[in-house]
Amino acid sequence: MTWLVNNWSTVLQALWSHLALAIPAIALSFVLSLPVGWLAYRYRWSRFVLVTGSSLIYAIPSLPLLIVLPALIGTTVRSPVNVVVALTGYGMALMVRSTADALDSVNRDTVISATALGYSGIRRLIAVELPLAGPGLLAGLRVVSVSTMALVTVSAVLGIPSLGTLFTDGFQRGIVAEIVTGIVSTAALAVLVDRALVAIGWLLLPWTRART
Amino acid sequence: MDAGTNVNYLAQAFAWIADPAHQGGPGGIWARLGEHLLYTLIATTAAAAIAIPLGYWIGHTGRGRGLIVGATGVARALPTLGVLTLIALLAGVGVGAPLAALAVLALPSILAGAYAGLDAIPASTIDAARALGMSEWQVLTRVEIPLGLPQLIGGLRSATLQVVATATLVAYVGGGGLGRYLFLGLKTQDYPQMLAASLLAVGLAITGEVCFGVLSWLIGRRRPLALSNE
């Protein structure tokens, strides 16, 4: 506790850097997974390719990916963009599947009714299918958010600041309290963002409120 | 970096891997790969020795389900680097501490897999086994464990992948494995070497994922008819 009190500003700074890496990655994986997930939902044949592909992406160890990416996309190893791209890849690996499953879970009869009412193509997707897939999308997004918040920390060994810096710095200087602070604040931040997502879901999906 | 240098880096990394001077000997690629696999094997086996009996016990008796929910949540939220550095710092630098950390990280997935396998079996199947006069032990070993195998393999799969990936970080706290080259390259600003180490680690992980994929496909094919219409 003494360590935390004396180094309050360091932790706060690490916290902001952490969010600056994690939030764009979470948002990007959500947005980019929508069209890809829709593709997997709409065309059966693409499902296998996308699901297998995403499980392979998820199998790639994070630190090596952070080092291989610059050679592929021309960033540098210490660039935050590099980290955001890598985390978005992992996020999408989880989210594409959730998106396809969420769209699958929409009642067929509802979709047919919407078609009968004159909804077609993209309008039906945006006005009927996506909102009804909302709870499934939210569940997927929460998983992505929690795992992204933890994954960010690995980039600290490359010198990119985040809450993971508390691990590397604490290890090098032999301060147990610093590492414990890092673990606790990473978990707490993940819970906080998760709560925020649930709150957003509560606002955007009012018809699901009765159940909870 | 422009495209030309990127290709150049990749070529240098492959040349680094192909260089016979980097392959043999105690610090060579084969030795490091062996270390990496050994860490994975020891940590996963140790975790399985604790997690499988515990998961089966929870699945069979139905007691302590909250532990499973907690474990799966923690597994995703726990920063691996934090666990590794904390245990290394507390236990001192050496290979024992990182191995313990890897085992801790592998525990939740295996626990969840063992439990999920038993949980997915319809209650009527278990009742039928009891009606046939099977003892609790027989129900577990002859009905529940065989039927729950696919989920257990799934849990072992995620645990092994997690450990293979995290084993790269073991070198950060003073151990060996493929991460050695990575951190050596990082320290000396030798990008081709870092890249070579990363490519090896990625290749190993993908190979592992494919092996487990084939294994679960084989087991899925041999699933008993009783559950095939689920």
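Which residues in α9(B) meet which residues in α11(B)? In this predicted model, the α9(B) side of the pairing is made up of Leu149(B), Pro150(B), Ile153(B), Gly154(B), Arg157(B), Thr160(B), Leu161(B), Val164(B) and Ala165(B). Across from them in α11(B) sit Leu204(B), Ala205(B), Gly208(B), Glu209(B), Phe212(B), Leu215(B), Ser216(B), Ile219(B) and Gly220(B). Sorted by class, the contact of α9(B) with α11(B) comes to 11 nonpolar, five polar and two charged residues. As for how the two helices lie, α9 covers residues 149–166 of chain B and α11 covers residues 191–221 of chain B, and their axes come within 10 Å and cross at roughly 175°. Angles over 145 degrees count as roughly antiparallel, so α9(B) is roughly antiparallel to α11(B).

Over to chain A, taken as a whole. Chain A has 10 helices and zero strands, so read along the sequence it simply goes α-α-α-α-α-α-α-α-α-α. Its C-alpha trace spans about 65 × 45 × 20 Å along the principal axes. Of its 212 residues, 43% count as buried. Among the contacts in chain A with a separation of 6 or more, 70% come from residues 24 or more positions apart.

An unreviewed entry puts the feature "domain: ABC transmembrane type-1" at residues 15–201 of chain A. Over that stretch, the model is 83% helix and 0% strand, with the end C-alpha atoms 24 Å apart. For "transmembrane region", UniProt (again an unreviewed entry) lists residues 20–41, 48–73, 79–96, 143–167 and 179–205 of chain A. Two of these spans can be set side by side. Residues 20–41 of chain A are 100% helix and 0% strand, and their end C-alpha atoms are 32 Å apart. Residues 143–167 of chain A come out at 48% helix and 0% strand, with 23 Å between the end C-alpha atoms.

Chain A has a helix pair of its own to look at. α9(A) and α10(A) pack at an angle of about 165°, their axes 8 Å apart, and that angle makes α9(A) roughly antiparallel to α10(A). The crossing of α9(A) past α10(A) is left-handed. On the α9(A) side the contact is made by Leu166(A), Phe167(A), Asp169(A), Gly170(A) and Phe171(A), while α10(A) brings Glu178(A), Ile179(A), Thr181(A) and Gly182(A). That contact of α9(A) with α10(A) splits into four nonpolar, three polar and two charged residues.

Arg47(A) is found in helix α3 of chain A, and it counts as partly exposed because it has 17 C-beta neighbours inside 10 Å. Leaving aside neighbours within four places in sequence, Arg47(A) is in contact with Ala40(A) and Ala100(A). Arg47(A) and Val96(A) are 49 residues apart in sequence, yet 9.9 Å apart in space, C-alpha to C-alpha.

Finally, the two chains meet. The contact takes 34 residues from chain A and 31 residues from chain B. On the side of chain A that touches chain B, the elements giving two or more residues are α3 (44–59), α4 (62–73), α8 (134–151), α9 (165–173) and α10 (176–204). The most comes from α10(A), with eight residues. By class, this side of chain A has 24 nonpolar, 10 polar and no charged residues.

Notes: Residues are numbered from 1 along each chain as its sequence is written. Chains are lettered from A and ligands numbered from 1 in the order in which they are written. This is a predicted model: local features need pLDDT of at least 70, side-chain atom pairs count only at pLDDT 80 or more; totals for chains, interfaces and linings use all residues. Two residues are in contact if their C-beta atoms, placed from the backbone, lie within 7 Å. Helices (H or I, at least four residues) and strands (E, at least two) are DSSP runs, numbered from the N terminus. Ala, Val, Leu, Ile, Met, Phe, Trp, Tyr, Cys and Pro count as nonpolar, Asp, Glu, Lys and Arg as charged, and the others, Gly among them, as polar. UniProt positions are given in the numbering used here, feature names are shortened, and annotations may be inferred rather than shown by experiment. Axes are lines fitted to C-alpha atoms, for helices over the stretch in contact, and angles run from 0 to 180 degrees between N-to-C directions. Angles under 35 degrees count as roughly parallel, over 145 as roughly antiparallel, 65 to 115 as roughly perpendicular and the rest as oblique. A crossing is left-handed if the near helix is turned anticlockwise from the far one by less than a right angle, and right-handed if clockwise. A residue is buried if 20 or more other C-beta atoms lie within 10 Å of its own, exposed if 12 or fewer, and partly exposed in between; C-beta atoms are placed from the backbone.
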